[in-house]
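Biologist: I would like to learn how to read helix packing. Please take me through a case.

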Amino acid sequence: MDAQEYARKRASKKLFGFPIREKLYPGEDKFFRERPEVAGMAAEDSTIILNPYSSLSKKQLGAVAENEALRLKIRQDKFVPEFEVTPDQIKFFKGTEYADNPTAMKRTILARIYSGDSSAKATPAQKKVLKEYLSRDK
């Protein structure tokens, strides 16, 4: 296996086998153009899409792809996380798509923990839920 094949295999494993779709649909392109702060999305077609208008580095976009891949895996598994959300987390997500959807909020917290995003403000209990979830596939 050459270096490029190995890199693709590692990336696929980190992304749980979900591909990154380069071509955006017109509605996705419009959404990303209007919302450059949204770096990526777990698309409805079970692909990862990244915002071409984002100012994030390639490394940061790689973390976004990992985040979105875990969101797709959680969606595919129909996993509903069970843990308490902290007041700080509730405040952080106020005014977002997650504010009125506790399951989506918990799922995004787990995805952010997985990708190393400190905005998750993760608790030890939340990290434990993620670890248990990821270890159940082994």
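Modeller: Start with T108, which lies in helix 5. Helices here are DSSP runs of H or I with at least four residues, numbered from the N terminus. The model is predicted: local features need pLDDT of at least 70, side-chain atom pairs count only at pLDDT 80 or more, and totals for chains, interfaces and linings use all residues. Residues are numbered from 1 along each chain as its sequence is written, and side-chain values use heavy atoms, with hydrogens and water left out.

Biologist: Is T108 buried or exposed?

Modeller: Buried means under 20% relative accessible area, exposed over 50%, partly exposed in between (1.4 Å probe, protein chains only). T108 has 1% relative accessibility, so T108 counts as buried.

Biologist: Which residues does T108 touch?

Modeller: Contact means heavy atoms within 4.5 Å. Leaving out residues up to four places away in sequence, T108 touches R71, F93 and Y98.

Biologist: Which residues of helix 3 are buried?

Modeller: An α-helix has 3.6 residues a turn, so residues three or four places apart point the same way. In helix 3 the buried residues include L61, A65, E68 and L72.

Biologist: At what angle do helix 3 and helix 5 pack?

Modeller: Two packed helices are described by the angle between their axes and the distance between the axes. Axes are lines fitted to C-alpha atoms, for helices over the stretch in contact; angles run from 0 to 180 degrees between N-to-C directions. Helix 3 and helix 5 (residues 102-115) pack at about 135°, axes 8 Å apart. That makes helix 3 oblique to helix 5. Under 35 degrees is roughly parallel, over 145 roughly antiparallel, 65 to 115 roughly perpendicular, the rest oblique. Helix 3 contributes A63, E66, N67, L70, R71 and I74 to the contact; the helix 5 side includes R107, T108 and A111.

Biologist: How do helix 3 and helix 6 cross?

Modeller: Their axes come within 12 Å and cross at roughly 70°, with helix 6 being residues 124-135. Helix 3 is therefore roughly perpendicular to helix 6. L70, K73, I74 and D77 of helix 3 meet L130, Y133 and L134 of helix 6.

Key:
Helix = DSSP H or I, 4+ residues; strand = E, 2+ residues; numbered from the N terminus.
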